[in-house]
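Here is my note on the model, point by point. Please keep the structure open while reading.

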Amino acid sequence: MFTSDIAIFLLGLIAAIFGGYFGAAIGGNFAFTLTGFMILFSWGIFAVGGSDIGFNYVAFGPVMGPHITFAAGVAGAAYAMHKGLIESGRDATSPLARLGRLDVLLVGAAFGAFGYLFNIGLSFIPWFGSHIDTVALTVFTSNVLARLIWGNGLLSPQNYNKGATSFMKKIAPNDTYFWLRYQEKPGQYLPLGFFAGGMAAAVSIMLAHYVQGGSAWAQTLPFAISAIIIGFLILGAEMPVQHHITIIGGLAAVKFMPVLAGAGFEWNATWTSATWMVAIGAVLIGCVFGMISACLGEFQSQLFHQRGTTHVDPPAAAIWVSTLLVLTLSGN
């Protein structure tokens, strides 16, 4: 006889298969934008009733989690390029249902199942599984798997800048190989990391303080805003990509606030003026980690994404590493 846990697991797996098909059908970036809206929806459920079912099952779960829908869209595009159906496997935006090919969408369904199972597997790894963003690492791993199966190799050294004198110069973006031309220089992504990270940190601190139990999910609201901004990018506006910045800035502020405040700190207690000053310090820490994640995003774009024939998501690569740094350094 099935136990409730097994039945719930199987229901989630089935939902992930359907979610993967759906993500490939509508396109990875469109699916990710919907994830942003689902986070807002989940916050409504959480704020009113205290239930986190929206986060765990819909926004970050088998229904609309990026490791399911977005990753499936990326894998479907890689497969479609391999079959000669589209020109670029790096197109993580275009809906693949337009191709009229069931095999492409079934690849999405398979990668939806992979994302669901791999994400659960990561969570069982002692220490490591509780110190990373398992969804982000699953997205990155899924993208890498699609690249290795249908792309031109993970690092693509054949496309490095010729005659470069250092490794960083070899992988530096150029007019052919790039991610976001308006966001690739330190003078561009570092201020973005500081200010977007600070904005997210300030929002997350307030949510963690004023919403009962909000500290568990506070960083996801600014992340949702950043995910929805991807929708504007799809529509043609040259928007900054910063969900890897906002989720880390918010997370860092929330995790370091108790460290700065010291013993006896409680999120939902009445704060003194001294506590609010500590909150300012936590926000500044969020700014610093926002810049760190911005650096990691651009670096991993140059290392993995830019010279490949398929999409390997720079923000996902930055998020799981940055989360590891935040949780380790804050002693969580």
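1. Start with the loop between helix 5 (102-123) and helix 6, where Gly-129 is found. This is a predicted model. Gly-129 counts as buried because its relative accessibility is 9%, and the cut-off for buried is under 20%. Leaving aside neighbours within four places in sequence, Gly-129 is in contact with Leu-122, Ser-123 and Thr-134. Gly-129 can also be placed against a residue from elsewhere in the chain. Leu-327 is 198 residues away in sequence, yet the two C-alpha atoms are 11 Å apart in space.

2. Trp-127 also sits in the loop between helix 5 and helix 6. Is Trp-127 buried or partly exposed? At 49% relative accessibility, Trp-127 counts as partly exposed. Its backbone deserves a look too. The phi of Trp-127 is positive, near 60°, and the residue is not a glycine.

3. Next comes helix 6 (residues 134-150). Its 17 residues reach 24 Å from the first C-alpha to the last, close to the 24 Å expected at 1.5 Å a residue. The helix is mostly covered, with 13 of the 17 residues buried. Look at its start as well. There, a side-chain oxygen of Asp-133 comes to within 3.1 Å of the backbone nitrogen of Val-135.

4. Beyond helix 6, check Ser-156. This residue is in the loop between helix 6 and helix 7 (167-170). Its phi is positive, about 50°, although Ser-156 is not a glycine. Ser-156 counts as buried because its relative accessibility is 2%.

5. Now step back to the whole chain. The secondary structure comes to 12 helices and zero strands. The radius of gyration is 20 Å, close to the 20 Å that the globule rule gives for 332 residues, so the chain is as compact as a globular protein of that length. Along the principal axes, the C-alpha atoms fill a box of roughly 65 × 65 × 40 Å. Buried residues make up 53% of the 332 residues. Of the contacts with a separation of 6 or more, 73% are between residues 24 or more positions apart. The accessible surface is about 14100 Å², and carbon and sulfur atoms account for 70% of that.

6. Helix 2 is followed by Gly-50, which has a positive phi near 80°.

7. Not counting residues up to four places away in sequence, Met-257 touches Ile-205, Phe-265, Trp-267, Trp-271, Thr-275, Val-278, Ala-279 and Ala-282.

8. Ser-301 is found in helix 11 (residues 273-305). Ser-301 counts as buried because its relative accessibility is 0%. Neighbours within four places aside, Ser-301 is in contact with Trp-179, Gln-306 and Pro-314.

9. Ser-322 lies in helix 12 (residues 314-329). With a relative accessible area of 1%, Ser-322 is buried. Where does its side chain make a polar contact? The partner is the side chain of Ser-293, at 3.2 Å. Ser-322 touches Ile-248, Ser-293 and Leu-296, again not counting residues up to four places away in sequence.

Technical notes. Residues numbered from 1 in each chain as written. Heavy atoms only, no water. Helix = DSSP H or I, 4+ residues; strand = E, 2+ residues; numbered from the N terminus. Expected span 1.5 Å × (residues − 1). Buried < 20%, exposed > 50% of the residue type's maximum accessible area, 1.4 Å probe, protein only. Polar contact = N/O pair within 3.5 Å; in protein donor to acceptor, adjacent residues only side chain to side chain. Contact = heavy atoms within 4.5 Å. Rg over C-alpha atoms; globule rule 2.2 N^0.38 Å. Areas by Shrake-Rupley, 256 points an atom, 1.4 Å probe, with all protein chains shown as cover.
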